[in-house]
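I'd like to walk you through one model, going from single residues up to the contact between chains. Here it is.

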2 protein chains.
Amino acid sequence: MTASIGDVAALAGVSVATVSRAIRGLPNVSPATRSRVLDAAAQLQYVAHPHASRLAAGHTMTVGMVVPLLTQWFFTQVVAGAEGVLAANGYDVMLYGVPDTRSMKRFVDEMPLSKRVDGLIVVDLPLLTDDFDRLCEAGPLVSVGVASPRASSVTIDNEEAAATATRHLVNLGHRHVGLICHLPPQALEFTAPVQRRRGYERVLSESGIALREELIVPGNFALQGGAEAMAQLLTVDRPPTAVFAESDEMAIGALKTVRDAGLHVPTDMSIIGFDDHDMAAYMDLTTVAQPALLQGETAATLLLGHMAEKDPSEATSVVLPTKMIVRATTGPVHGASMRAG
Amino acid sequence: MTASIGDVAALAGVSVATVSRAIRGLPNVSPATRSRVLDAAAQLQYVAHPHASRLAAGHTMTVGMVVPLLTQWFFTQVVAGAEGVLAANGYDVMLYGVPDTRSMKRFVDEMPLSKRVDGLIVVDLPLLTDDFDRLCEAGPLVSVGVASPRASSVTIDNEEAAATATRHLVNLGHRHVGLICHLPPQALEFTAPVQRRRGYERVLSESGIALREELIVPGNFALQGGAEAMAQLLTVDRPPTAVFAESDEMAIGALKTVRDAGLHVPTDMSIIGFDDHDMAAYMDLTTVAQPALLQGETAATLLLGHMAEKDPSEATSVVLPTKMIVRATTGPVHGASMRAG
DNA sequence: CTGAAAGCGCTTACAG
DNA sequence: CTGAAAGCGCTTACAG
C-alpha cells in the first residue's frame, strides 16, 4: 500500500542502504545522490515504518509517561508540558495511567522488560525503592515530583513551600491552624503531601504552637474532599481560625463549606491553598504557586539529554521555585477566633 | 540483557515457533509443551519485544489519541476514559496534542503513512473533510465530539442540549439572553460551539425573541475568557438578564464578573453553563451535564470492535444523553431586568 | 502437534 | 561515496 524503503531505492536507482543514509541526514552521501533520494521519497510520500526502524536501530523514539491520575490538575499540566517538548523533538509519547497499586505493580513488572520506550517520565509515583530501581535500570528515567539519588528529577521544595504558607498564617496571628492534607496514612503515600505536612509541622513547632492532631484532616486532593475536611474542622472544639490546604482544589472546597456555614473569609476563617490552579485567581484564593507545566517541560528536556548520552551520566536534580501569592482569603485573626484562643 | 524468544525456546527445548504459539495462547500446542514453555518464559521473565512482534504481525497494539488541548477539562476526561478501557484490553495509547493548525496539518500528513498505530481516536478535531478522509483511510478511527458519515463517532446532541439550556432561561421569563460562545468565526471552528449556538438561536427564534448580535460574545472556553465576555455583556445597552455560557469554566468566570460588579445571581443575572465540571456543583451552577469520561470509554470500546473486524464494517454513531441540572444560578427575571426590558 | 524457513522493513558494520 | 548482506526479534504459512 504505502511506499517502503525499497520503492524509494528503486525509484532513485540506489540501494536501500543509501536511501536510509540519505533520508536520515547521515554523512557520506553525495549531494547529488541525496537530492535524488529525497525527491523520490517525496514523490512516494515515503515515511519510514517506525517499528522496523526501531527494531533495527534499537531505539524506539518514544518515551513513556507514567501518571497516577489522568484527570488531576497537576498531572495534566505535567503531561501537557512534557508532550510539547517531546513532540517538538520528534518523540512520541506513550501514556500510562496507574491509578492503583495493582496497575502500578503490573507496570513495574512489565515495562522494564518490554523495551517499549527509550525513556520514562514518572510523575509523583509512590514507588517502593525496589520498584523504582528496577525502572531505572531499564533505561533513562526522570522523576517529577519526587527526588531520588538514583535518577534525575524535577521537583519543588514542598516542605519549604508549605512552611511559607504556614508561616504566612502564623504571622497573621493565627494560633489554631488546620491542615487539609492528602489521604490517611494507610493509603498509598505520595511524597508531596508528606513533605508539605512536615513544613507545616516545622513552622508550628518553631512558633511554639502545639501540634493538634485533630486539626489535621485528609481531603483527598479533590473539591469534595476539601469541603468535607473543612466541615470536620468546623466541628472540633476550639476550631482553627486558619487552614492550609495542600491543593487549591481542596482549598476551594473548603471555602465553600465555610461560606455555606455562614462564615466569612477571611474574617472568620483564613484559607491558603497550593498550586495556583486557574481557578485560584478567580476565587481570590491565597496560595503558593508551583510551575506545573514547566516541571513537565523540564523533565522532558532532561530526559532528552539522558537519551542522547552514550553511557548514563550523573543524575541531575533540578528544583523549581514556588511563590506565595497573597490574595483575599487570608487575613489577620479576628474577634471570633480570639474567643477560641 | 533481557531474554528473547530464542532463550525461552532453548530452555524449553522447543522451536521459537512453538514458543510464539504457546505464549500467545494459539491452538495446536500440546498442554505439556505449553506448560513447559510457560514455565521457561516465567523463569526468564520473558516479555515479547513489542516492535518485533508488531513488525512481524503487522499490528501495533497501540492506538493513537489526538486531542487539541491536553489541559482542557473535556479532553482530559475523554483521554482518561479511553485510556482506561484501552489499557484493560492490552493496548498502549500514544498521545498527540495538536494545538494549532500547523501541528494538525503535520499530523494528518504523517500519521496515515507511518503505520504507527492500529487505530485512532480523534477528539473534537476541526478537520477539513479531506484531511478527515485521509485519516479514515489509514485505518479504524472513531471520532468523539464530531459526527461523520465516514467513521464511527460518539457525540452528544449539542444543539438540543443548548436549546434546552436556552429554553430554561426563556421559560423563566428572560427576553434578553446572552451567549458566551467560543472563538470568533475566523478562528479554527470546532463543531460543538457551532451546534450549541444553533440551539440557542433556534429557541430564541421559536420564542419570538429577536436575535441581538451584540449579546453573543466569545469566551474562549476559559475562565478568564468567560469573565471578560461577561464584562462586555454588562456594557451593552439593554444588557442581558440571563446568559448561557457554552462551558462551565466560562460560566464560572462570568459569575465572578457579575459578583464583582456588585450584582446578585440569579436575581440580577441568571447564568447557565455546560459540562457539569466538578467545579459546577461547588459553585451551585445550573448547567447541562455531558458524560465526558463515558464518551472516552465508549469511543475506546467502539474502536476495539473495529480493530477486531476483518474488513471495515459500518460506521456506527452513538449519541450519549445530556441532562440539565438546575441549581442556584438561574431564576426568574426580576425587577432589575424589567427596567432594561 | 511441531519445526525450518521466509519475511516484516528497516539499520549497520564491512568491503570496496 | 555506495552496495551486498547480516541482523533486529518476532510471526506465519508451509511441510511434515
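This is a predicted model: local features need pLDDT of at least 70, side-chain atom pairs count only at pLDDT 80 or more; totals for chains, interfaces and linings use all residues.

What makes me point at A:Asn28 is its backbone: phi is near 65 degrees, a positive value, and the residue is not a glycine.

A:Asp124 is another non-glycine with a positive phi, about 55 degrees. The loop this time is the one between β3 (119–123) and α7 (129–138) of chain A.

While we're on backbone geometry, have a look at the prolines. The bond joining A:Val265 and A:Pro266 is a cis peptide, with omega at about 5 degrees. A:Pro266 is in the loop between α11 and β9 (270–275) of chain A. Over in chain B, the peptide bond from B:Val265 to B:Pro266 is cis too, omega near 5 degrees, and B:Pro266 is in the loop between α11 (248–260) and β9 (270–275) of that chain.

Two packed helices are described by the angle between their axes and the distance between the axes. Take helix α1 (residues 5–12) of chain B. Which way does α1(B) run against α2(B)? The axes of α1(B) and helix α2 (residues 16–23) of chain B are 8 Å apart, and the packing angle is about 100 degrees. That makes α1(B) roughly perpendicular to α2(B). On the α1(B) side you have B:Ile5, B:Gly6, B:Val8, B:Ala9 and B:Ala12, and they meet B:Val16, B:Val19 and B:Ser20 of α2(B). By class that contact comes out as six nonpolar and two polar residues, with no charged ones.

Turn to the other partner, helix α3 (residues 31–44) of chain B. The axes of α1(B) and α3(B) come within 9 Å and cross at roughly 125 degrees, so α1(B) is oblique to α3(B). The crossing is right-handed. From α1(B), B:Asp7, B:Val8, B:Leu11 and B:Ala12 take part, and across from them in α3(B) are B:Arg36, B:Val37, B:Ala40, B:Ala41, B:Gln43 and B:Leu44. This contact has seven nonpolar, one polar and two charged residues.

One more pair in chain B: helix α10 (residues 223–235) and α11(B). Their axes come within 6 Å, crossing at roughly 45 degrees, which again means oblique, and the crossing of α10(B) and α11(B) is right-handed. Among the residues in that contact are B:Gly225, B:Gly226 and B:Ala227 from α10(B), along with B:Gly253 and B:Ala254 from α11(B). The class breakdown is ten nonpolar, five polar and two charged.

The buried residues of α10(A) include A:Leu223, A:Glu228, A:Met230 and A:Leu233. And what do the buried residues of α10(A) pack against? In chain A, β6 (177–181), β7 (216–218), β8 (242–245) and α11 (248–260), plus α12 (278–282) of chain B.

That takes us to the interface. Here 36 residues of chain A are in contact with 36 residues of chain B. On the chain A side, α5(A) gives the largest share, seven residues. By class, that side has 16 nonpolar, twelve polar and eight charged residues.

Last stop, B:Thr76, in helix α5 (residues 73–88) of chain B. B:Thr76 counts as buried because 25 C-beta neighbours lie inside 10 Å. Leaving aside neighbours within four places in sequence, B:Thr76 is in contact with A:Leu70, A:Thr71, A:Thr76 and B:Thr71. Then there's B:Gly296, 220 residues from B:Thr76 in sequence, with their C-alpha atoms 9.5 Å apart in space.

That's my tour, so over to you.

Terms used:
Residues are numbered from 1 along each chain as its sequence is written. Chains are lettered from A and ligands numbered from 1 in the order in which they are written. Axes are lines fitted to C-alpha atoms, for helices over the stretch in contact, and angles run from 0 to 180 degrees between N-to-C directions. Helices (H or I, at least four residues) and strands (E, at least two) are DSSP runs, numbered from the N terminus. Angles under 35 degrees count as roughly parallel, over 145 as roughly antiparallel, 65 to 115 as roughly perpendicular and the rest as oblique. A crossing is left-handed if the near helix is turned anticlockwise from the far one by less than a right angle, and right-handed if clockwise. Two residues are in contact if their C-beta atoms, placed from the backbone, lie within 7 Å. Ala, Val, Leu, Ile, Met, Phe, Trp, Tyr, Cys and Pro count as nonpolar, Asp, Glu, Lys and Arg as charged, and the others, Gly among them, as polar. A residue is buried if 20 or more other C-beta atoms lie within 10 Å of its own, exposed if 12 or fewer, and partly exposed in between; C-beta atoms are placed from the backbone.
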